[in-house]
Amino acid sequence: MTRARRVVVKVGSSSLTAPDGTIDTDRITELADVLAERRAAGTEVVLVSSGAVAAGIAPMVLAARPRDLATQQAAASVGQGLLIAHYTAAFARHGLTAAQVLLTVEDMMRRVQHRNAQRTLRRLLDFGAVPIVNENDTVATHEIRFGDNDRLAALVAHLLRADALVLLSDVDALYDGNPARPGTRRIPRISDPADLDGIDIGSAGRRGVGTGGMVTKVSSARIATEAGVPTVLTSAANARAALAG
C-alpha cells in the first residue's frame, strides 16, 4: 500500500449516512481529507461512492430505503446531486476537483463502453482530478441489487490497473463469524481461496441503507485479486491507517 501509485477506494452508504438515512457531511469531509492527503503525496485516487439512494430518502420524505425499482431510481436521482455537491465542496477545500462518473456494470462489460470509461478516467487522473464513481442507478435495471458498487469498484480497479483496492464499510475487518458474538476471530489476511473455507461471511449490512454486505466485499476482493490488485477491507474510520499501510 505504501508503494501504491494508483488506488481505488470504495465507500458504502452506511459509512456516509446518519442513522436516519440522511447524508452525514462530516463523514464525507473526513473521507475527503484522508484521500486528499494521499493525493498530495503523489498517489492517484479514484473514489467509488455509494449513497445516492440513501441521500434521497430524507428529501423525498421516505420512511426507509425503497424496495421497488422506480422509487429507488427516483431517490437516486434526487440523492446523486446532493452527494456529488458535498464531495465537490469537501475536495475543493484541498484545491482538488471532484469529477462525477456514473457507470453501470454493463458499461464495464461491453468493449466500446469499457474503453471509453477507461480513457475518461485516465484523462481525469492526468488532469489531477478525483473521479467520484457511482452506479448509474437512475437508468439501471437489474444492476440495482445486492452489492453492485462493491463489484463495480473491483472492475474499476481492474480497468485502471490500480495498485490497490480499499473497501470501506462499517465493519473494521473480515471475521470468521458475526463480530458481535464473543469468541469471533479477526482474520488478518487471506492469501488463498481455501483460507475462506468454514468462514461464515454473513449477509447484507444491518443498517438497511446500503445494498451490500461482507458477501459482496469478499466476492469483490476475489475479482480484484484475481486481476492482480491487492485488496484491503476495513471500516471508513480506519481509512487513513489503511492508506498508510
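1. R6 and E44 form a salt bridge in which the closest N and O atoms are 2.7 Å apart. This pair links distant parts of the chain, since R6 belongs to strand β1 (residues 6–11) and E44 to strand β2 (residues 44–49), 38 residues apart. Both R6 and E44 are buried. The model is a predicted one, and the distances here should be read as values computed from that model.

2. In total, the structure holds eight salt bridges. Two others among them are taken up below, K217 with D150 and R123 with D126.

3. K217 and D150 meet through their side chains in a salt bridge, at 3.3 Å from N to O. K217 lies in helix α7 (residues 214–226) and D150 in helix α6 (residues 148–159), so the contact ties together parts that are 67 residues apart in sequence. Both residues, K217 and D150, are buried. Salt bridges with shared partners join K10, D150 and K217 into one network.

4. R123 forms a salt bridge with D126, with 3.9 Å between the closest N and O atoms. The cut-off for a salt bridge is 4 Å, so this pair is counted. R123 and D126 are three residues apart in helix α5, and therefore separated by about one helical turn. An α-helix has 3.6 residues a turn, so residues three or four places apart point the same way. R123 is exposed, as is D126, whereas K217 and D150 are both buried.

5. Helix α5 (residues 111–126) has 16 residues, which at 1.5 Å a residue should span 22 Å; the C-alpha atoms at its ends are 22 Å apart, in agreement. Within α5, the residues A117, Q118, L121 and L125 are buried. Viewed down the axis of α5, the buried residues fall within an arc of 100°, so they line one face of the helix. V112, R123 and D126, on the other side of α5, are exposed. The salt bridge of R123 with D126 therefore joins two residues of that exposed set. Just after α5 comes G128, with a positive phi of about 80°.

6. G95 is located in the loop between α3 (69–92) and β3 (98–103). Its relative accessibility is 66%, which is why G95 counts as exposed; the cut-off for exposed is over 50%. G95 and A36 are 59 residues apart in sequence, and their C-alpha atoms are 9.1 Å apart in space.

Definitions and conventions:
Residues numbered from 1 in each chain as written. Predicted model: local features only at pLDDT ≥ 70, side-chain atom pairs only at ≥ 80, totals over all residues. Heavy atoms only, no water. Helix = DSSP H or I, 4+ residues; strand = E, 2+ residues; numbered from the N terminus. Buried < 20%, exposed > 50% of the residue type's maximum accessible area, 1.4 Å probe, protein only. Expected span 1.5 Å × (residues − 1). Arc of directions from axis to C-beta.
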